[in-house]
Amino acid sequence: MFQSLVDKMSQAFSKFRNKGKLTEADVKAGMREVKLALEADVNFKVVKDFVAKVTERAVGSEVLESLVPSQQIVKIVNEELIALMGGTNSKLEVASKPPTVILMCGLQGSGKT
C-alpha cells in the first residue's frame, strides 16, 4: 500500500523534473497529481488543506526562480508532511498497571498485524 503511494507521488514529481523553470500553472498541475495520489487513502479535508499549503509555498518567487525548482517542491512537500504528522517524537507511555493499551491504526493492507 505504501509502495503504491510512493509510486504515485514519484509520478507526480516527475513532471517537475522535466522543467527548467516552473510556472504557477506547472505547480498547480503537479499538486493536482499529488491530490489524486493522496485522496484514495487520506481524508479529503486533510488533502485539500495540505495541497493548499504546499501550493501557497510553492508559487512563491523563491521556488519559481530557484535553480532547481523540482528539488524545492520536493523539499516543501517533505516539510509539510512532517508538519502534518506532528513533527515531534513522543515516547510510548506504559501503564503503571498492566495491560498497556495501544491502538494500531493505518491503511488497509499496510501491515498492522
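I take buried to mean under 20% relative accessible area, exposed over 50%, and partly exposed in between, with a 1.4 Å probe and protein chains only. By that rule I logged Glu 80 as buried, at 13% relative accessibility.

Basis of the entries. This is a predicted model, in which local features need pLDDT of at least 70 and side-chain atom pairs count only at pLDDT 80 or more, while totals for chains, interfaces and linings use all residues. Residues are numbered from 1 along each chain as its sequence is written, and side-chain values use heavy atoms, with hydrogens and water left out.

Entry: salt bridges. I count a salt bridge when a side-chain nitrogen of Lys or Arg is within 4 Å of a carboxyl oxygen of Asp or Glu. The rule gives four salt bridges.

Glu 80 pairs with Arg 57 in a salt bridge, at 3.0 Å from N to O. This pair links distant parts of the chain, since Arg 57 is in helix 3 and Glu 80 is in helix 5, 23 residues apart. For helices I use DSSP runs (H or I, at least four residues), numbered from the N terminus; strands would be E runs of at least two. Arg 57 is partly exposed, with a relative accessible area of 31%, whereas Glu 80 is buried.

Next I checked Lys 75, which forms a salt bridge with Glu 79, the closest N and O atoms being 3.1 Å apart. Lys 75 is partly exposed at 46% relative accessibility, and Glu 79 is partly exposed with 29%. The two residues are four apart in helix 5, so about one helical turn separates them. Salt bridges with shared partners join Arg 57, Lys 75, Glu 79 and Glu 80 into one network.

In helix 2 (residues 24-39), Glu 24 and Lys 28 are also four residues apart, and therefore separated by about one helical turn. Their side chains meet in a salt bridge, 3.5 Å from N to O. I noted Glu 24 as partly exposed at 42% relative accessibility and Lys 28 as partly exposed at 42%.

Entry: Thr 55. I found Thr 55 in helix 3 (residues 44-58). What does Thr 55 touch, not counting residues up to four places away in sequence? With contact meaning heavy atoms within 4.5 Å, Thr 55 touches Val 27, Lys 28 and Met 31. Thr 55 is buried, with a relative accessible area of 15%.

Entry: peptide bond. Most peptide bonds are trans. The bond from Pro 98 to Pro 99 is cis, with omega near 5 degrees. Pro 99 lies in the segment after helix 5 (69-85).
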